[in-house]
Amino acid sequence: MEKNKLIGSTYINILKDEEGQVKFAYGYELDDKEVSLNDLAMLNSFLDKIKDIAKQDFQERLDKNDKEFSIESNPED
């Protein structure tokens, strides 16, 4: 079985403080001796994918809220 070597890690944490304010903590750590420029390019691509998923989730929630809270007009009015 092939072993994988950890050469870096990324994190995005969504935090809510006692007052209810949401904050974000994010970053990454890399082993500079192991990570190539190509690896960094792949990291950027991966982060773009996460951004796209978050945008899609946001839009789906907007669409759902619009449907739940939309006011239907009465055709007899």
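Here is a chat about the pockets and surface of this predicted model.

Q: Before we start, what kind of model is this, and how are residues numbered?
A: This is a predicted model, where local features need pLDDT of at least 70, side-chain atom pairs count only at pLDDT 80 or more, and totals for chains, interfaces and linings use all residues. Residues are numbered from 1 along each chain as its sequence is written, and side-chain values use heavy atoms, with hydrogens and water left out.

Q: OK, what volume does the largest pocket have?
A: About 300 Å³. A pocket here is an open set of points on a 1 Å grid over the protein atoms alone, where a 1.4 Å probe fits, with protein on both sides within 12 Å along at least five of seven lines. The volume is the space filled by probe spheres set on the points, which are joined across faces, edges and corners.

Q: Which elements give two or more residues to its lining?
A: Those are β1 (8-16), β2 (22-30) and α1 (37-69). Helices (H or I, at least four residues) and strands (E, at least two) are DSSP runs, numbered from the N terminus. Lining residues have an atom within 4 Å of a point, and among them are Tyr11, Phe24, Tyr28 and Lys51.

Q: How do the residues of that lining divide?
A: Into 9 nonpolar, 2 polar and 1 charged. Ala, Val, Leu, Ile, Met, Phe, Trp, Tyr, Cys and Pro count as nonpolar, Asp, Glu, Lys and Arg as charged, and the others, Gly among them, as polar.

Q: And the second largest pocket, how much space lies in that one?
A: About 180 Å³. Its lining includes Ile7, Ser9, Val35 and Asp39.

Q: Which element gives the largest share of that lining?
A: α1 does, with 4 residues. The lining of the second largest pocket divides into 6 nonpolar, 3 polar and 1 charged.

Q: Switching to the surface: which residues make the nonpolar patch?
A: Ile12, Ile14, Val22, Phe24, Tyr26, Phe46, Leu47 and Ile50 make a patch of about 830 Å². Patch residues have over 30% relative accessible area and no salt bridge (a Lys or Arg side-chain nitrogen within 4 Å of an Asp or Glu carboxyl oxygen), and nonpolar side chains are joined within 5 Å. Areas come from the Shrake-Rupley method with a 1.4 Å probe.

Q: Is Ile14 buried or exposed?
A: Ile14, in strand β1, is exposed because its relative accessible area is 63%, and exposed means over 50%.

Q: Where does Lys5 lie?
A: In the segment before β1, and Lys5 counts as exposed at 57% relative accessibility. Lys5 and Glu34 are 29 residues apart in sequence and 9.7 Å apart in space, C-alpha to C-alpha.

How values were computed: Patches are made of residues with over 30% relative accessible area and no salt bridge: like charges are joined within 9 Å, nonpolar side chains (Val, Leu, Ile, Met, Phe, Trp, Tyr) within 5 Å. Buried means under 20% relative accessible area, exposed over 50%, partly exposed in between (1.4 Å probe, protein chains only).
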